[in-house]
Structures are given as structure tokens and as C-alpha cells.
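Dear colleague,

Please find below the structure that I am handing over to you. My notes on what was found in it follow directly after.

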Amino acid sequence: MTLVAFDFDGTLSDSEMMVLLGERYGVADEIEGITTRAMRGELSYAESLYERAALLEGLPEADARAAYEQVYLRPGAADLIERLNDAGHTTAILTGGFTPGVEAALDAEDVSVDHLVANELPVEDGHLTGDADGPLIEGTKDEALEALCDETGTDLADTVAVGDGANDLPMLKVAGTAIGFVPKPAVRPHCDVVVATMHRLARVFEEDGLL
């Protein structure tokens with residue numbers, strides 16, 4: 001069987017968790033500005049995440065939960081995950097986003113994955129602390145994918161990685177099959193296949209014999 005690892009923001013979902021959180025606190029524009037600087041290479045992913053998290057210091061936990069409830073899967077994503085699960089494959093989400101948002105989106109569609117590797121925005125006394133924590137801040141997705149392979153007894157050659165952005169490149173480069181979901185220009189050359197919808201991704205999996 002195959003281990004299929006998905007990115008979340010920009011791949012399984014077009015929701016931007018940080019922006020949704022920022023809108024609850026009136027700092028969405030500042031958050032988008034930091035994201036733009038990171039995309040231009042002026043900040044590392046870790047630096048940009050810490051800066052954005054700091055803007056959310058003091059956000060009530062209830063408001064954060066409300067923002068996470070606005071995170072949704074793309075059309076067709078839940079069905080695709082369910083089909084992969086039913087076929088006996090191992091499904092995983094590797095994301096620099098946040099566990100509560102991913103879980104809210106999955107719960108809304110009544111679907112689950114075998115493994116979720118994500119970050120956290122810590123809460124203290126009912127408010128966000130302004131810090132960020134998790135394995136995919138300083139750590140990279142190739143390391144996370146390799147750890148899952150060790151945990152599940154899967155060969156890297158038997159993995160499929162699906163992503164769109166620069167922070168997906170490490171896992172796309174080491175996976176047996178690299179699939180770009182509307183990938184950024186710098187990511188496209190490293191993809192074996194490029195798709196723009198979950199329906200097309202399902203067709204690719206059918207053609208490859210996974211489904």
C-alpha cells in the first residue's frame with residue numbers, strides 16, 4: 001500500500017487560517033503583508049510564522065475557535081481522502097497550519113486521515129499567547145514524511161506527496177511521486193504531475209492504480 005501525504009493550506013483547502021484568525025483581531029492586512037514578504041524570500045517560513053503569531057497575542061480562544069470553524073476542504077477532497085482510506089492506503093496531512101483548523105475542516109466533512117502533523121498556537125488563560133509551536137516550524141516536510149515512513153514501515157519510493165508551495169518542496173523532492181496542486185512557479189519543475197482540481201487528482205490516482 002501507499003502513503004499519501006497532503007499539504008493543507010492551498011492544497012486540500014483554499015482557506016488561509018492565519019488570515020481568518022487575523023480578521024477576528026483586526027490584523028489581517030498586517031498578516032498578509034508578512035506572508036508577502038516571506039514569499040519574496042525576505043523572511044524564512046519560521047520567522048514569518050512567529051511574526052504573524054505575535055500579532056495574535058491576546059486573541060480570545062473563543063474567537064480563535066470561531067475562525068477555525070471557517071476552514072473548509074476543497075470540493076472533492078473529503079471524497080478523495082475517504083476513497084484512499086477505503087482502498088487501504090495510509091493518508092497523512094503535513095501542514096504548517098494549525099491542528100484545530102485542520103480538524104474542524106475534516107470534522108465538517110466527517111472524514112479523517114491516519115496521521116496529522118501540524119503546528120499549534122498555544123493558549124493560556126483563555127487567550128492566544130502570541131507564540132507558535134510545532135514540528136513544522138523549524139522542521140521540514142521531508143523529515144516529517146521520512147518519520148512517517150519509519151513509523152508505518154513504508155518505503156519512500158511508495159509515497160505520494162501533494163502540495164503547492166515552497167515549504168512543500170522538501171517532501172515533493174523525496175517522495176516516490178510528486179504531485180503539484182496548482183503549484184507555484186518555483187515548485188512546478190519538481191512535480192511529476194500537475195493538477196488543478198481534486199477530481200483531476202482522483203483521476204491521476206485511478207490511472208496510477210491507487211484507486
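Leucine 3 is found in strand β1 (residues 3-6); helices (H or I, at least four residues) and strands (E, at least two) are DSSP runs, numbered from the N terminus. This is a predicted model, in which local features need pLDDT of at least 70 and side-chain atom pairs count only at pLDDT 80 or more, while totals for chains, interfaces and linings use all residues. Residues are numbered from 1 along each chain as its sequence is written, and side-chain values use heavy atoms, with hydrogens and water left out.

Leucine 3 counts as buried because its relative accessibility is 0%; buried means under 20% relative accessible area, exposed over 50%, and partly exposed in between (1.4 Å probe, protein chains only). Contact here means heavy atoms within 4.5 Å.In general, nonpolar side chains tend to be buried together in soluble globular proteins. The largest nonpolar core of this model has 47 residues, and those with the most contacts inside it are Phe6, Leu121 and Phe205. A nonpolar core is a set of buried Ala, Val, Leu, Ile, Met, Phe, Trp, Tyr and Cys residues joined through side-chain atoms within 4.5 Å. A second, separate core of 17 residues includes Ala5, Ala144, Leu172 and Val187. Leaving aside neighbours within four places in sequence, the contacts of leucine 121 include Met18, Leu21, Tyr68, Phe98 and Asp131.

The structure also holds nine salt bridges, a salt bridge being a side-chain nitrogen of Lys or Arg within 4 Å of a carboxyl oxygen of Asp or Glu. In one of them, arginine 83 meets glutamate 206 at 3.1 Å, N to O. This pair links distant parts of the chain, with arginine 83 in helix α5 (residues 77-86) and glutamate 206 in helix α9 (residues 198-207), 123 residues apart. Arginine 83 is partly exposed because its relative accessible area is 30%; glutamate 206, at 32%, is partly exposed too.

Glutamate 206 also forms a salt bridge with arginine 203, their closest N and O atoms being 3.9 Å apart. Both residues lie in helix α9, three residues apart, about one turn of the helix.

Aspartate 168 lies in the loop between β6 (159-163) and α8, and lysine 141 in helix α7 (residues 141-152), 27 residues apart.

Finally, the largest pocket contains about 1,000 Å³ of space. On a 1 Å grid over the protein atoms alone, a cavity is a set of points where a 1.4 Å probe fits but cannot get out, and a pocket is an open set with protein on both sides within 12 Å along at least five of seven lines; lining residues have an atom within 4 Å of a point. Grid points are joined across faces, edges and corners, and a volume is the space filled by probe spheres set on the points. The lining of the largest pocket has 38 residues, and Thr35, Met39, Tyr45, Arg52 and Asn167 lie nearest its centre.

Yours sincerely
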